[in-house]
Structures are given as structure tokens and as C-alpha cells.
Amino acid sequence: MTRRIAAEELVRPAYRAMDLYAPLRKPCAIDLSDNTNLRGVPPSAKAALADVVGSTVTRYPSLYGAELKRAIGAYVGVDPENVVTGCGSDDILDSAIRAMSEPGDAIAFADPTFQMLSSFASMNSLEARVVPLLSPERDRDIDDDGLVRENARITYVCSPNNPTGSLASPRAIDKLLESARGVVIVDEAYVEYAIGAGVAESLVRRAPTEPRLLVVRTLSKAFGLAGLRVGYAVGPRALVDAVEKSRGPYKVTAIAERMAVAALDHDREWVRESVAEVLESRAKFEVFLREIGRAPLPSAANFVLVPIDRAVERGLALRERGVAVRPFPSVRGVGDALRISVGPWGLMEQTLSTFEAVLA
Ligand SMILES: *Cc1c(COP(=O)(O)O)cnc(C)c1O
């Protein structure tokens, strides 16, 4: 006798309880909600696109992106053998978690940090252990002792951190690399901005010889190529090879690979200029925000977090006036806040006047 079952019962409980990741994403005249590069397409990447259609799209892409690994290795200064690529760094993070933990293991990360981490934890049946960031007086550094105490199979650190813009100190990172039980994943999605400002260095060069370290980066932010979905990680061979098995073949499309290689090889100066432009724009934007009594948190990235009450309501009001920002209700240690991406100054000027109108 077969029983008629509800299709829902066939789904993993964690997935049943999960909401689809879907913050408000209607098109908006000025979109400062996702920290992408607002300067346009890097020129060499654009030229590569015209070239690639026709010749490449009828065939499968390369299995594991050998040419892309070569270009990434040259960009960050490591051997391509220590690089793994993926369909965005989200894919890298998810694949790394799958490769390095079993269901039921713990994953430790800061609160607040990149929101996707909670989803990756439940999608992979991991127990999330959140450790609050340190106080503003301690620059909202990660709590290295607290993270180590969780004794987790995976420790995730985002630096510069989304959404606070704060950095994990080199001392705290060293402590994790010495004392954490398992792998330490450092997400450097915004590191180009910290390097440009001279406030931090990347850990990529160290990663190949640090047995616990996997550094994750992306072309979605400073490189301005979020639509391509190209992310990568650098680490010791054993970790990188495991992530590659977990992510599987053909994960980066032929078009994405060709455009990404062109950008990595030939658009570095464009990226540097765009980072410098953002840093200048951010400094001015911060001054104006302070003047209207809305001082943001100090940021090492291309966004600022502005503490403000009724953030969700204000976010909707801004959207109605054509400016999309990302509201965060009750951020630990901050309260309600709006995360605002920083782009060319013209956009920020318009954003400021809309912001003032909404506050009035
Ligand atoms: C935007 C962002 C990413 C990038 O994700 P992709 O999948 O590469 O687009 C990764 N980590 C953090 C913390 C981010 O904010």
C-alpha cells in the first residue's frame, strides 16, 4: 500500500525552513544596494565579449578554467596550481564548506558578517556558531579567542567585513592560523579597496604555504563583473584540489572565462583608477554624512554602514525616490542601519540629496 505524500516531505528539513535569498531587487535608477562597481564594464573585458560569441559558445567551456587560473595566478602572484575558480565566490564558499565538513559539524563566524553564511550553514547541515565582533573601541576586530573556542571544523572571516566595512587585524588572523581547529576561510571580496587605501594587505601570497588557510576572492566587486559570476580561492594544493572536486567541472562559462581573463590581464589599471575614484568619493560622502549628523562606521570597502533608526522603512522611502540601498534591521553592536555602496561622486551627490529629503 503506498501512501500519498506531500512533495514537501521529500525536501531536507533545513531547505523547507529556508527562505529563498531575495532582498528587494526591483530595478532602481541609482542602485547602491549591492556594492558592485558602478563605473561600467572594464574595456578589455568588453572587447573580449565581441570576440567570444560565435567561436566559443557552441562548445563546452574548459573543465576547470586553466587559462583563468593562469590569469588569476599572475594577478595575485601565486602559482596557478594553488588557485580554484567558481561560479562566483558564493559557489567557492559553498563548495569549500561541502569539501571540508560533514553534516553536523560546526562553522564559526562573526556577527555581523556576510549574510549568505547562515544560508550556507543550513544548506550544508552545519551548526552555525556566531561570535560577536569586538567593540568599536577595538575597531570591530574579529574576536579571535572567541572563534578559536568554538573549536569549529570551519572558521569564516570576512575582511573587509560586509556589512560593517571593518578589518580583521593581522594579529587576530595569525592567531586563527595558529590555533583554530579546522580550516580558516578568509573572504577578501573587498580587499582591492583596502589595498588601494593602504590599510590592509591580501593574504593570498601566504595562502599556498599556510595549511589551514583558504583565501576567497571575486571579480564581482572592484573588477566590475558581477554578472559574469567569477570567483576564486587561493590555498595549499590539498584544499584547493578538494574545493575543485566539490564544485565539479564546467562551472565557469566560456564567455565568463574569456572576459575575466581579458580583464585580469589588461584592465588592472582601470581597476586601480576605479578603486581610487571610490576612495575619494567615499571620503567626501563620509564628510557630508557627518555634517548631517549621520556618521557612518569607518569603512575599508566600497560601501558605508550608516546607523539609522527605522532602516527598513527609510530604505523603502529611498527606493520610491529612485535610490536603492540595503537596509539592515538590528545589526549587532550597531542597531538599525543602511548599507550604501559608494560609486562615482555624481551618483553619491544625488544620493545625498535624496537621503536628506527622506530624513526631512
Ligand atoms: C559580494 C560578496 C561576495 C561576492 O560574491 P560573488 O558570488 O563572487 O558575486 C563574496 N563575499 C562577500 C562578503 C561579498 O560581500
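Residues were classed as nonpolar (Ala, Val, Leu, Ile, Met, Phe, Trp, Tyr, Cys and Pro), charged (Asp, Glu, Lys and Arg) or polar (the others, Gly among them). By this scheme, the lining of the largest pocket has nine nonpolar, ten polar and eight charged residues. The model is predicted: local features need pLDDT of at least 70, side-chain atom pairs count only at pLDDT 80 or more, and totals for chains, interfaces and linings use all residues. Residues are numbered from 1 along each chain as its sequence is written, and side-chain values use heavy atoms, with hydrogens and water left out.

On a 1 Å grid over the protein atoms alone, a pocket is an open set of points with protein on both sides within 12 Å along at least five of seven lines; a cavity is a set where a 1.4 Å probe fits but cannot get out; lining residues have an atom within 4 Å of a point. Points are joined across faces, edges and corners, and a volume is the space filled by probe spheres set on them. The largest pocket holds about 490 Å³ of space. It is lined by 27 residues, of which Tyr 21, Asp 34, Asp 90, Phe 114 and Lys 221 are the closest to its centre. Helices (H or I, at least four residues) and strands (E, at least two) are DSSP runs, numbered from the N terminus. Helix 4 (88–100) and strand 11 (326–331) each supply at least two lining residues. Helix 4 gives the largest share, three residues.

One cavity of 30 Å³ or more is present. The largest cavity has a volume of about 40 Å³. Its lining includes Tyr 64, Arg 247 and Glu 257. Four lining residues are nonpolar, three polar and three charged.

Helix 5 (residues 116–123) is largely enclosed by the rest of the structure, because six of its eight residues are buried (under 20% relative accessible area; exposed is over 50%, partly exposed in between; 1.4 Å probe, protein chains only). Those buried are Met 116, Leu 117, Ser 119, Phe 120, Ala 121 and Met 123. After helix 5 comes Ser 125, with a positive phi near 55°.

Phe 288 lies in helix 11 (residues 268–291) and Trp 345 in helix 13 (residues 345–359), so the pair ties together parts 57 residues apart in sequence. Phe 288 is partly exposed, at 38% relative accessible area. Trp 345 is buried, at 17%.
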